[in-house]
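Notebook open. I want to look up a few spots in this structure and write down what I find.

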Amino acid sequence: MNSNNTTFTEELNNPVNTGLHIILTTDEDDARPVYISGNFNQWRTQDKEFIMEKIGIGLYHYKFPHDFDYPVELLYKFTKGDWSEVEIDSHGNRTENRSTHNHTGIQKEHVARWRKNWLPFKQSFLPQVQLISDEFIIPQLNKTRKIWALLPHDYDNSSESYPVMYLQDAQNLFNETAEFGNWEIDKKLAVMSEYKIGKIIIIAIEHADEDRIKEYNVGKTVLGKGQGKKYIRFVTDTLKPFVDNNFRTKKEREFTGIGGSSMGGLISIFSGLRNPETFGKLMIFSPSLWVVPELKINAKKAYSADTKIYLYAGGDESETMIEQVKKFQNDLISSEFVKDKSKINLSINRQGKHSETYWSDEFPKAIEWLFFNTKD
């Protein structure tokens, strides 16, 4: 037995009134660290001060400092470092907050299972998927397009109004037969809704197949002349008014977002830069910034300072992806398009590839941070 186990056993047998000592056992164990999060640290999930020490297989402990400033009632949960990896019960159900009024002694706890990337999900919380139109008219491009709405699971039994996120490349968002995989946003929204943090309307716009790059390309770039300006006008001038008139939406910019990945991320950047009065939230995954090496950011519009931007990049996408996204972040700040650095959340996965699997991982984190942000 090592010295840590010896000390731990001694404390169990002879508890000292110098602080609350939490002992955690779990039936599912892996290499991910365990954190305790609660009302004592603003529910931060990766707070290094509250990482639990592993002292055996499925056995962890944490001891609060003797001079810790406890809330009257201590509320807490255990996570593997994120709300997408929070504790669940043996049936995959969410657990309620744990609580204690004790500030000394030993508190024994048990976790049956842990979520992994927000899963598993419950069918009853799946969003309502509604086809808005098989041939929605795009007058700016003289084309039609298939467009979907994903509504909260209880939309028909509610009178609530909801924030809205417009997403590109709908073919890859919730289609189980998608050629390159899909983001599984329907399943992620189901779990988020179960935790009361995912009530949002998603408007999913299918891409133009062989004309996808042309539509998502703005102006003259290394890819030639694009139709992106017309596409952006379609989303802002035609689609958004239709959605606001036909669904219970919160119409204001602070409740309206746009996002996508790769070229879909690039057109979303331009949508936000050109129309900050319309889009207050940007969700940008692995953007194709190489298409516009000298991207100019205009910070003259007064709304821009309030824009929240979630940026994601993977280290195994290209040699320059992380570098380009970091430069874009710095340019946003230096141009004062975003004046407060805290309004930009930069997420980097060093092992991340340019694929739907990794964008799926980021989706619920981005939605929570952009629109709900109740735990940070």
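I began with charges over rings. The charged end of Lys-250 sits over the ring of Phe-255, 4.9 Å from the ring centre. I also found Arg-248 over the face of Tyr-155, at 4.0 Å from the centre of that ring. My rule for this: NZ of Lys or CZ of Arg must be within 6 Å of the ring centre and within 35 degrees of the ring normal.

A note on the source: this is a predicted model, where local features need pLDDT of at least 70, side-chain atom pairs count only at pLDDT 80 or more, and totals for chains, interfaces and linings use all residues. Residues are numbered from 1 along each chain as its sequence is written, and side-chain values use heavy atoms, with hydrogens and water left out.

**Aromatic pairs**

I searched the whole structure and got 26 aromatic pairs. Rings of Phe, Tyr and Trp (its six-membered ring) pair if their centres lie within 6.5 Å; planes under 30 degrees apart are stacked, over 60 edge-to-face, and the rest tilted. I picked Phe-136 and Phe-234, an edge-to-face pair with 6.0 Å centre to centre and 65° between the planes. Phe-136 lies in strand 10 (residues 128-138) and Phe-234 in helix 4 (residues 228-246), so the pair ties together parts that are 98 residues apart in sequence. Helices (H or I, at least four residues) and strands (E, at least two) are DSSP runs, numbered from the N terminus.

Buried means under 20% relative accessible area, exposed over 50%, and partly exposed in between (1.4 Å probe, protein chains only).

I also noted a cluster linked by ring pairs: Trp-183, Phe-285, Tyr-310, Tyr-312, Trp-359, Phe-363 and Trp-369.

Next I looked up an open sheet of three strands, order 2-5-7, with antiparallel pairing. Its edge strands are strand 2 (35-38) and strand 7 (98-100), each pairing on one side only. Strands pair if DSSP finds at least two bridges between them. Four bridges join strand 2 to strand 5 (residues 74-79). Ile-36 has Phe-78 in strand 5 as its bridge partner.

Ser-37 lies in strand 2. Ser-37 counts as buried, at 0% relative accessibility. What lies 2.8 Å from a polar atom of the Ser-37 side chain? I found the backbone oxygen of Arg-44 there. Leaving aside neighbours within four places in sequence, Ser-37 is in contact (heavy atoms within 4.5 Å) with residues including Trp-43, Leu-75 and Trp-83.

**Gly-19**

Gly-19 is in the loop between helix 1 (3-13) and strand 1 (20-26). I read 3% relative accessibility for Gly-19, which counts as buried. The C-alpha atoms of Gly-19 and Phe-68 are separated by 7.6 Å, though the two residues are 49 apart along the chain. Not counting residues up to four places away, Gly-19 touches Lys-63, Phe-64, Tyr-70, His-103, Thr-104 and Gly-105.

**Positive phi**

Most residues other than glycine have a negative phi. Ser-262 has a positive phi of about 60°. Ser-262 sits in the loop between strand 16 (256-261) and helix 5 (263-274), and is buried at 12%. Glu-336 has a phi near 65°. Glu-336 is in the loop between helix 6 (321-334) and strand 19 (344-349), and is partly exposed at 45%.

Note on methods:
Polar contact = N/O pair within 3.5 Å; in protein donor to acceptor, adjacent residues only side chain to side chain.
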